[in-house]
Amino acid sequence: MHTSVQVDQYIIKSAPFAIPILEHLRMLVHHADARIEEKTKWGMPFFDFKGSVCHMAAFKHHCAFGFWKGSLIEDEFNIFETSSAMGMLGKIKSFADLPADEILIAYIQQAIQLNEDGIKLPAKPKANPQELIIPQYFIDALQKDFIAMDVFQNFSVSKKKDYVIWLEEAKTETTRQKRLETSIEWISEGKSRMWKYEK
């Protein structure tokens with residue numbers, strides 16, 4: 001078995017109830033395929049072969065086990081749960097919460113096959129960027145200074161957003177007014193909101 005000292009230490013430091021569960025899961029993974037290697041990623045044990053295959057973790061009152069490409073695995077025996085627990089088998093508090101060994105081994109082998117076949121997870125759809133809403137009072141102030149308005153229109157969305165957030169976070173009208181005057185002054189000079197920190 002390609003075991004790791006870091007994974008040994010992770011298991012030893014886990015809650016007493018979790019230690020035999022983690023050891024059992026670890027044994028099943030290596031039994032599924034002797035080529036599996038252990039790694040520690042994001043502070044928890046991962047099992048890799050040609051990429052991540054599965055992972056496990058221990059918490060105060062439960063353990064978790066998940067597959068890196070779980071969304072591509074055929075859940076023939078309906079062992080996957082959608083719960084708040086990290087992983088795909090729900091909150092594992094005892095051996096009774098685990099599927100039969102041969103079922104879990106079959107799922108692990110299926111996950112390994114996905115890596116061997118070079119099947120990748122589908123790319124996550126890019127979130128639509130939210131349209132930046134510029135407060136009317138800011139537009140009005142910019143329109144009174146054509147230089148500031150021209151500069152602001154040519155700013156990137158992130159630079160415009162920096163100014164809008166700064167203005168909107170003002171807790172009093174007095175503070176907002178003061179920030180608005182400063183903003184117009186800086187913008188007309190071609191400065192971003194964070195100009196002091198820019199090299």
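Q: Is Arg 26 buried or exposed?
A: Arg 26 is buried, because its relative accessible area is 5%, and the cut-off for buried is under 20%. This is a predicted model.

Q: Where is Arg 26 placed?
A: Arg 26 belongs to helix 2, which covers residues 18-32.

Q: Which residues does Arg 26 touch, leaving out those up to four places away in sequence?
A: Arg 26 touches Thr 3, Ser 4, Val 7, Asp 8, Ile 11, Glu 38, Phe 47 and Met 56.

Q: And how many Å separate the C-alpha atoms of Arg 26 and Ser 183?
A: Those of Arg 26 and Ser 183 are separated by 58 Å. Along the chain, the two residues are 157 residues apart.

Q: Changing topic: how many residues are in the largest nonpolar core?
A: The largest nonpolar core has 38 residues. Phe 65, Phe 67, Leu 104 and Ile 108 have the most contacts inside it.

Q: Which helices and strands each supply at least two residues of this core?
A: Helix 1 (5-12), helix 2, strand 2, strand 3 (52-58), strand 4 and helix 3 each do.

Q: Which one gives the most?
A: Helix 3 gives the most to this core, with 8 residues.

Q: What does Ile 108 touch, again not counting residues up to four places away in sequence?
A: Ile 108 is in contact with Leu 28, Val 29, Ala 32, Val 53, Phe 65 and Phe 67. Of these, Phe 65 and Phe 67 are also listed with Ile 108 among the residues with the most contacts inside the core.

Q: What about a second core?
A: There is a second, separate core of 14 residues. Among them are Ala 148, Leu 180, Ile 184 and Trp 186.

Q: On to helix packing. What angle do helix 4 and helix 7 make?
A: Helix 4 (residues 136-143) and helix 7 (residues 173-188) pack at an angle of about 45°, and their axes are 10 Å apart. That angle makes helix 4 oblique to helix 7.

Q: Is the crossing of helix 4 and helix 7 left-handed or right-handed?
A: The crossing of helix 4 and helix 7 is right-handed.

Q: Which residues meet there?
A: From helix 4 come Tyr 137, Phe 138, Ala 141 and Leu 142. From helix 7 come Arg 176, Leu 180, Ser 183, Ile 184 and Ile 187. The residues of this contact divide into 7 nonpolar, 1 polar and 1 charged.

Q: How do helix 5 and helix 7 cross?
A: The axes of helix 5 (residues 146-153) and helix 7 come within 8 Å and cross at roughly 75°. The two helices are therefore roughly perpendicular to each other.

Q: What makes that contact?
A: Helix 5 brings Ile 147, Ala 148, Val 151 and Phe 152, and helix 7 brings Ile 184, Ile 187 and Ser 188. The residues of the contact divide into 6 nonpolar, 1 polar and no charged.

Q: Last topic, the backbone. What is phi of Trp 42?
A: Phi of Trp 42 is near 50°, a positive value in a residue other than glycine. Most residues other than glycine have a negative phi.

Q: Where is Trp 42, in that case?
A: Trp 42 is in the loop between strand 1 (37-41) and strand 2 (44-48). Trp 42 counts as exposed, because its relative accessibility is 66%.

Q: And what about Asn 78?
A: Asn 78 has a phi near 50°, a positive value in a residue other than glycine. Asn 78 sits in the loop between strand 4 (63-67) and helix 3 (101-116). With a relative accessible area of 64%, Asn 78 is exposed.

Note on methods. Residues are numbered from 1 along each chain as its sequence is written. This is a predicted model: local features need pLDDT of at least 70, side-chain atom pairs count only at pLDDT 80 or more; totals for chains, interfaces and linings use all residues. Side-chain values use heavy atoms; hydrogens and water are left out. Helices (H or I, at least four residues) and strands (E, at least two) are DSSP runs, numbered from the N terminus. Buried means under 20% relative accessible area, exposed over 50%, partly exposed in between (1.4 Å probe, protein chains only). A nonpolar core is a set of buried Ala, Val, Leu, Ile, Met, Phe, Trp, Tyr and Cys residues joined through side-chain atoms within 4.5 Å. Contact means heavy atoms within 4.5 Å. Axes are lines fitted to C-alpha atoms, for helices over the stretch in contact, and angles run from 0 to 180 degrees between N-to-C directions. Angles under 35 degrees count as roughly parallel, over 145 as roughly antiparallel, 65 to 115 as roughly perpendicular and the rest as oblique. A crossing is left-handed if the near helix is turned anticlockwise from the far one by less than a right angle, and right-handed if clockwise. Ala, Val, Leu, Ile, Met, Phe, Trp, Tyr, Cys and Pro count as nonpolar, Asp, Glu, Lys and Arg as charged, and the others, Gly among them, as polar.
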